[in-house]
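Me: Could you walk me through the charged pairs in this model, and then the nonpolar packing?

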Amino acid sequence: MREQGTGWAVGRASWAEREVLSAAAVGHASLNAVRTASRSSRPFIRSKRVIADSVAAFDFLVVVVTCVMAKWAYVDRFLRSEQDIGTYLAAGLIGASISFLSLRNQNLYIFDTLVSMRGTVRRIVLGLAIAAVSLISAAYVFKISAHFSRGWFIIWFALSAALLLSVHLVVSALLRRWTRAGYFARRIAIYGGGEIAGRLIERLNFGSDGPRLIGVFDDQPSAGPRPVAISGGLSDLISLGQAERIDEVVIAVPLAQDRRIGRLVEELAILPADIRLCPDMTAFSTRPTGVVHYDGVPVLEVVRRPLDNWGPVIKVIEDRILAALLLAAVSPVLLLIAMAIRLESEGPVLFRQRRHGFNHQVFTVLKFRTMRVAEDGPVVRQAQPNDSRVTRVGRFLRRTSLDELPQLINVLRGEMSLVGPRPHALAHNEHFSTLVEHYARRHKMRPGMTGWAQVNGCRGETDTQEKMRRRVELDLYYIENWSLWFDIRILALTPFLGLFHRNAY
């Protein structure tokens, strides 16, 4: 691919170049449809770590279950001896723990090992052998070996080995199929159409098992032929990222152009994707969060997605389970509120309004109607003290935040979360995004029924730019520091600090 003098040629198309050309062609077609297509909920990130941890947990369960199965088959059915299951179950838990630690120490639960099955038989046999020797030694030391049957012990470990090997054969076959289908492939977009991008594309393995290049984007004019095909500019990349899943955006421009890179990072930071820099080994003033290697090419990571690996799974489980329980618990309250609204004034019980959610996707938020109007146009006037539009029932609902309860349905639909940045009307979103720095970054997570801003007193009308700036600061702090315990803390504080507030009217 190298050409005398310039260092790059465009005559001979490698696999990577054909991938770029295909991405550019598809990119132009899809980018035109992005702005008009209806947006569906983005699927989970396919995390290799989640897969590996799940296999490890299943292996642990297999060893425990085979212990009980061997006890039932040999002790209960063959020997016809009635012995306490608790003793055997305790041995099973200890044996499973020892084998789990041994297998993890042998790097069995690494994704590449699970796919290839390389050395799996040796690892499983060795792990179970270590567990068996440990249990025999412990039984001898504590003089409890007479409490257990030798036949049960042999059957347990033979059955465990057979089932673990069978499980890993099935897992390996499934993972190979899913890997070939691109299930775990990272979707990468590159910004920059010069030699750095060309070098990166040449080194990356854009094969059937490697990452997926969805396009190369650039806005700078080129004096000569480019080494890669261009799918569009920065605005096209952002539009595509808001309509489709992008896992990583790699900025492949000279690091000496620090102002340009700073502007790109600011613009691209609204996307829920990792943002990384591919350096040309020149000095750069911005401190990266880490260094990632792409087949030997160092890439600096400057922005990291808020939820990764187990994060999305934990967040969804937390939302769905708690929302379902809360909805069942407050259903009588919902019925009483609906009856009160219908008795006081004409109109629907529920108020529906379009708002921006995760990755700027528009969804319809549900609330109990508290006003005599239902504004959802280019101008939405916020409620003010003694607002004549607010009904008597509505004033009570707004003061106690009970009007937000129907949003539990939004949570069950996957449009909202229990905890997250509060969604705003489309008109307010467009207004404040031009006034408040980093405002758009609030959409890197699903909006919430409550949030860190709400338990810190940010409720009610945002009639000044400073009030909205304070909310954004608290929302971004939550996004950057998310954890399950942070969510639990906010949920615990909400009844005391987030519901009743003097600014709620």
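Me: Where do Asp53 and Arg49 lie?
Reply: Both Asp53 and Arg49 lie in helix 2 (residues 48-78), 4 residues apart, or about one turn of the helix, where helices are DSSP runs of H or I with at least four residues, strands are E runs of at least two, and numbering starts from the N terminus. This is a predicted model, in which local features need pLDDT of at least 70 and side-chain atom pairs count only at pLDDT 80 or more, while totals for chains, interfaces and linings use all residues. Residues are numbered from 1 along each chain as its sequence is written, and side-chain values use heavy atoms, with hydrogens and water left out.

Me: What do the side chains of Asp53 and Arg49 form?
Reply: They meet in a salt bridge at 3.7 Å, N to O, the term meaning a side-chain nitrogen of Lys or Arg within 4 Å of a carboxyl oxygen of Asp or Glu.

Me: And which salt bridge does Asp53 form with closest N and O atoms 3.8 Å apart?
Reply: That one is with Arg104, and because Arg104 lies in helix 3 (residues 85-105) and Asp53 in helix 2, the pair ties together parts 51 residues apart in sequence.

Me: OK, new topic: which residues touch the most other members of the largest nonpolar core?
Reply: Among its 36 residues they are Phe368, Leu418, Trp452, Tyr478 and Ile490; such a core is a set of buried Ala, Val, Leu, Ile, Met, Phe, Trp, Tyr and Cys residues joined through side-chain atoms within 4.5 Å, with buried meaning under 20% relative accessible area, exposed over 50% and partly exposed in between (1.4 Å probe, protein chains only).
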